[in-house]
Amino acid sequence: MTRLIRFDWALKNILREKANFEILEGFLSELLHTDVKIDSILESESNKESDEDKSNRVDILVETSTKEKIIIEVQCRNEWDYLSRMLYGTSKAITSYIQKGEPYKKICKVISVSIVFFELCKGKDYVYKGTTNFTGLHYNDILTLGENEKKMYEHKREEVSDIFPEYYIIKVNTFDQQIRDKFDEWVYFLKTEQIKETFKAKGLKQAADKLNVLKLNEKEARIYENYLKDLSCERSELESAFVSGRVEGEAKGAKSKAIEIAKALKANDMPITNIAAITGLSIDEIKKL
């Protein structure tokens, strides 16, 4: 099977070109269950363009033919306040693309798509969708748009949730590689960097062609290999830090337990030499208790 480029690196270096929009359009169309056409790539939160860039977060801001703004972000490293970052991203997109003095109806619809390679929150699924709805406290009914509200918006808004930001989280590591629908074919590619010949999801045929590692020129291939090396190194560093922290924590826990036992034995007038033999603490440490 052909070796393909990681989606995060492709997002940063290849998919921003207009000639390759059809790959992103296919990905978004399968996720959102509607045909997505990309008009342009807008300024994103930021990605360095040098060989020295070792950032493992990639983001891109897309404007569709219906003027919706879609933030696509790939995050490889653990970030426990990531949900707040998602909120910041949508808020920034909303405030950045409305002119001072314009009516609120001009606020664009923002969709946040996060592809994460770490265990974010708890849940069985690997694709989650978040929307905003208002539920009655007394009758438990869902607030809906009236005809006057619907007429206010230039682009079709049928539900209250159509006005507010929409969030998608794709937890790649949780995917079990069982294909249940066409979007799963995309998730399979995200996880394995492979596309099977039987896959039919939109954009994957183009991805299989244009994201072939063998099609990179010498400079691109070098940068890509360095990127993979940086990812591996950072993962190793994180795992080492975790193991070291766990070992240190276990040692501190054992020491605390030994001190508690020593205090109890000392209170019962056991000889210090015996306490030292039982707990492993030094005689000086026990005398200070």
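In this predicted model, two cavities of 30 Å³ or more are counted. A cavity is a set of points on a 1 Å grid over the protein atoms alone where a 1.4 Å probe fits but cannot get out. Grid points are joined across faces, edges and corners, and a volume is the space filled by probe spheres set on the points. Local features need pLDDT of at least 70, and side-chain atom pairs count only at pLDDT 80 or more, whereas totals for chains, interfaces and linings use all residues. Residues are numbered from 1 along each chain as its sequence is written, and side-chain values use heavy atoms, with hydrogens and water left out.

The largest cavity holds about 50 Å³ of space. Its lining (residues with an atom within 4 Å of a point) consists of Arg6, Phe7, Asp8, Val74, Ile115, Phe117, Phe189, Leu190 and Glu193. At least two of the lining residues come from each of helix 1 (7–13) and helix 5; helices are DSSP runs of H or I with at least four residues, and strands are runs of E with at least two. By class, the lining of the largest cavity has six nonpolar, no polar and three charged residues.

The largest pocket has a volume of about 530 Å³, a pocket being an open set with protein on both sides within 12 Å along at least five of seven lines. It is lined by 28 residues, of which Leu32, His33, Thr34, Glu166 and Tyr168 are the closest to its centre. Two or more lining residues are given by each of helix 2, strand 5 (127–130), strand 6 (166–171) and helix 5. Helix 2 gives the most, with three residues.

The axes of helix 2 (residues 21–32) and helix 5 (residues 182–192), lines fitted to C-alpha atoms over the stretch in contact, come within 8 Å and cross at roughly 125°. In the contact (heavy atoms within 4.5 Å), Ile23, Gly26, Phe27, Glu30 and Leu31 of helix 2 meet Lys182, Phe183, Trp186 and Leu190 of helix 5. These residues divide into six nonpolar, one polar and two charged.

Definitions and conventions
Axes fitted to C-alpha atoms, helices over the stretch in contact; angles between N-to-C directions. Nonpolar A, V, L, I, M, F, W, Y, C, P; charged D, E, K, R; others polar.
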